[in-house]
Amino acid sequence: MSKEKFATILTCMDGRVQKPGAVFMQEKTNAEYVDTITEPGIVRVLNEAGNTDTHRLSQIRYKLGISLNNHGSTGVGVTAHEHCAGNDVDNETQINQLSSACSVVRELVAEGNFSVPVWGMFITQQTSGLWVAEQKVALE
Ligand SMILES: [Zn+2]
């Protein structure tokens, strides 16, 4: 296992949300590095996982396993964000998806016999143009 401190984020591929998500995880865990697993609209993918999209779920499980096993990740974040091209639904629906996506991720973490916290965040654009992550779910 690496001596460097890692966290993990499961996030949209959208370039606007990479930095606020990573900053959120670094503030939560003091991790130096944030392993990043991306899918467009990942909360939708995690909600459909096991029903219609088992291939992408198995890829996410594989990648999360590397981050937990090989990097000793100390916490896992899941993001949703407004104006998501990969998940074109309203914010309230996304936040509901975020909540159940965090439960799915919690199960994936538990499958690997890890007990790290899972946080869900919703990322929005402020009037200044800055994208900011706000915590919506905490499974600690
Ligand atoms: Zn997106």
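## Contacts, sheet and core of a predicted chain

Setting aside neighbours within four places in sequence, D14 is in contact with H81, C84 and A85. Two residues are in contact if their C-beta atoms, placed from the backbone, lie within 7 Å. The model is predicted: local features need pLDDT of at least 70, side-chain atom pairs count only at pLDDT 80 or more, and totals for chains, interfaces and linings use all residues. Residues are numbered from 1 along each chain as its sequence is written.

D14 sits in the loop between β1 and α1. Helices (H or I, at least four residues) and strands (E, at least two) are DSSP runs, numbered from the N terminus. Along the chain D14 and H81 are 67 residues apart, yet 9.1 Å separates their C-alpha atoms. Is D14 buried or exposed? D14 counts as buried because it has 21 C-beta neighbours inside 10 Å. The rule is that a residue is buried if 20 or more other C-beta atoms lie within 10 Å of its own, exposed if 12 or fewer, and partly exposed in between, with C-beta atoms placed from the backbone.

K19, in helix α1, has 13 such neighbours inside 10 Å and so counts as partly exposed. K19 and T93 are 74 residues apart in sequence, and their C-alpha atoms are 23 Å apart in space.

**The whole chain**

The chain has 4 helices and 5 strands, and from the N terminus its elements follow the order β-α-β-α-α-β-α-β-β. Its C-alpha trace spans about 40 × 35 × 25 Å along the principal axes. A compact globule of 140 residues would have a radius of gyration near 14 Å, and the chain agrees because its own value is 14 Å. This radius is taken over C-alpha atoms, and the globule rule is 2.2 Å times the number of residues to the power 0.38. Of the 140 residues, 40% count as buried. Among contacts with a separation of 6 or more, 72% join residues 24 or more positions apart.

**The sheet**

The strands form an open sheet of 5, in the order β2-β1-β3-β4-β5, with mixed pairing. Two strands pair if DSSP finds at least two bridges between them. The edge strands, each pairing on one side only, are β2 (33–38) and β5 (131–139). On average, neighbouring strands of this sheet are turned by 25° against each other, direction ignored. Axes are lines fitted to C-alpha atoms, for helices over the stretch in contact, and angles run from 0 to 180 degrees between N-to-C directions.

| Strands | Sense | Bridges |
|---|---|---|
| β1 and β2 | parallel | 6 bridges |
| β3 and β4 | parallel | 6 bridges |
| β4 and β5 | antiparallel | 8 bridges |

Some partners can be named. T8 stands opposite D35 in β2, A80 has F122 in β4 as its bridge partner, and I123 has A133 in β5. The hairpin of β4 and β5 has 5 residues between the strands, and there G129 takes a positive phi near 100°.

In β1, 6 of 6 residues are buried. F6, T8 and L10 lie on one side and A7, I9 and T11 on the other, so that both faces are covered. Helix α1 (residues 18–29) lies across β1 (6–11), β2, β3, β4 and β5, and runs at about 145° to β1.

In soluble globular proteins, nonpolar side chains tend to be buried together. A nonpolar core is a set of buried Ala, Val, Leu, Ile, Met, Phe, Trp, Tyr and Cys residues joined through C-beta atoms within 7 Å. The largest such core here has 36 residues, of which L46, V78, A101 and V105 touch the most other members. Elements that each supply at least two residues include α2 (42–48), α3 (54–71) and α4 (91–111). The most comes from α4, with 7 residues.

Helix α4 has 21 residues and reaches 30 Å from its first C-alpha to its last, close to the 30 Å expected at 1.5 Å a residue. That expected span is 1.5 Å times one less than the number of residues. Buried residues of α4 include Q94, Q97, L98, A101 and V105, and their cover includes β1, α2, α3, β3, β4 and β5. Leaving aside neighbours within four places in sequence, A101 is in contact with V43, L46, N47 and V78. Just after α4, N113 takes a positive phi of about 60°.
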